[in-house]
Amino acid sequence: MSTNGLVWAVNHAAWCKNAGEFAVLVAVANYVDKDLKGCRATHGTLADTARCNKRTVGTHVRSLADRKVIVPGDAELVSHIRQDIRPDVWDFNSGLPEQPDEVTTGKICQPRQEESSGRDRQKTAERPANFDRTTGKKRQDDRQDLPTEPGSEPGQEPDNEPGSSSAEPPTAQTIVGEWLDRCTSRPPSRVIGQVSKEIKTLLADGIAPDDVRRSLARWMAKGLHPSTLPSVVNEVMNATGPAPKASGHAPYQAPTDHSVYRNGFFDD
């Protein structure tokens, strides 16, 4: 190991784009002479030292050479090696300043925590009000997904005409919203659309909203298909009281057929 090379690599760490390049630079420093020249290590040897693969070493070596951090060395040092397996020779650029004039390569020892905090603050500022930190997604307003009544916009309250009642009759959107509030988990969008369509048809047929609400509660308890909702409404609206139960005790009555007496069943 070259102590001079290691010190040079540490002092010039600002020229490295990332930790991978710095690891390769330290690996090269391990094989240069005390005059910072003559690294003849193969990419496989540098990969073992830098704890990466040979392809990564090749990428980082080319990047360091493009910025003149390392420069080609004396090829005569490896002239005795067969050409097809001959390694490159690299020297450290002894005239390179410790800090680049314009820090375009970045530093490997940046305050990562502060940068992360800054990014987190920026992301928090960009998050919408309905962002759910638990799931990492936006919470959906169930009522905004429901079909709107003709002539109305989603989330827009109807204008009250002068002299009209302030209490507007509930719409299909209102009833479906109440149903969703009672659901433990949000149903699939297709089920919501089918239920909304059935409720809208029921209201258009003149079914009272309270009857629809009671029927919807019974439909939920049964766990039926949305298409069965009209049948449940009919069941709720036309349900009759239970038939009176017969008494368990019937008093004894004497037979009215006099033939039983003649046949000897009740002889004195």
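Guide: Accessible areas here come from the Shrake-Rupley method with a 1.4 Å probe. The structure above is a predicted model.

Visitor: To what does the accessible surface of the chain come, in Å²?
Guide: The chain has 268 residues, of which 28% are buried. Carbon and sulfur atoms hold 49% of the accessible surface, and the surface of the chain as a whole comes to about 18800 Å².

Visitor: Which residues touch the most other members of the largest nonpolar core?
Guide: As a general background, nonpolar side chains tend to be buried together in soluble globular proteins. The largest nonpolar core of this chain has 27 residues, and the elements that give two or more residues to this core are helix 1, helix 2, helix 3, helix 4 and strand 2. Helix 2 gives the most, with six residues. The members that touch the most others are Leu25, Ile70 and Phe92.

Visitor: What does Phe92 touch, not counting residues up to four places away in sequence?
Guide: Phe92 is one of the core residues that touch the most other members. Once residues up to four places away in sequence are set aside, Phe92 touches Gly5, Trp8, Leu25, Val28, Ala29, Val32, Leu36, Val69, Ile70 and Val71.

Visitor: Is Leu36 buried or exposed?
Guide: Leu36 sits in the loop between helix 2 and helix 3, and its phi is near 70°, a positive value in a residue other than glycine. Its relative accessible area is 12%. Because buried means under 20% relative accessible area, Leu36 counts as buried.

Visitor: Does Arg51 count as buried or exposed?
Guide: Arg51 lies in the loop between helix 3 and helix 4, and has a positive phi of about 60° although it is not a glycine. The relative accessibility of Arg51 is 71%. Because exposed means over 50%, Arg51 counts as exposed.

Visitor: With which side chain does the side chain of Ser63 make a polar contact?
Guide: Ser63 is found in helix 4 and is buried, with a relative accessible area of 14%. Leaving aside neighbours within four places in sequence, Ser63 is in contact with Lys17 and Glu21. The polar contact, at 2.7 Å, joins the side chain of Ser63 to the side chain of Glu21.

Visitor: What arc do the buried residues of helix 8 cover around the axis?
Guide: An α-helix has 3.6 residues a turn, so residues three or four places apart point the same way. The buried residues of helix 8 are Asp211, Val212, Ser215, Leu216 and Trp219. They lie on the same side of helix 8, because the arc they cover around the axis is only 135°.

Visitor: Against which helices do the buried residues of helix 8 pack?
Guide: Helix 8 spans residues 209–222. The face turned away from its buried side carries the exposed residues Asp210 and Ala221, whereas the buried residues pack against helix 6, helix 7 and helix 9.

Visitor: How far apart in space are Pro169 and Ala208, C-alpha to C-alpha?
Guide: Pro169 belongs to the loop between strand 4 and helix 6 and is exposed, with a relative accessible area of 59%. In sequence, Pro169 and Ala208 are 39 residues apart, while in space the distance from C-alpha to C-alpha is 9.8 Å.

Terms used: Residues are numbered from 1 along each chain as its sequence is written. This is a predicted model: local features need pLDDT of at least 70, side-chain atom pairs count only at pLDDT 80 or more; totals for chains, interfaces and linings use all residues. Side-chain values use heavy atoms; hydrogens and water are left out. Helices (H or I, at least four residues) and strands (E, at least two) are DSSP runs, numbered from the N terminus. Buried means under 20% relative accessible area, exposed over 50%, partly exposed in between (1.4 Å probe, protein chains only). A nonpolar core is a set of buried Ala, Val, Leu, Ile, Met, Phe, Trp, Tyr and Cys residues joined through side-chain atoms within 4.5 Å. Contact means heavy atoms within 4.5 Å. The expected span of a helix is 1.5 Å times one less than its number of residues. The arc is that of the directions from the helix axis to the C-beta atoms. A polar contact is a pair of N or O atoms within 3.5 Å; within protein, one must be able to donate a hydrogen and the other to accept it, and residues adjacent in sequence count only if both atoms are side-chain atoms.
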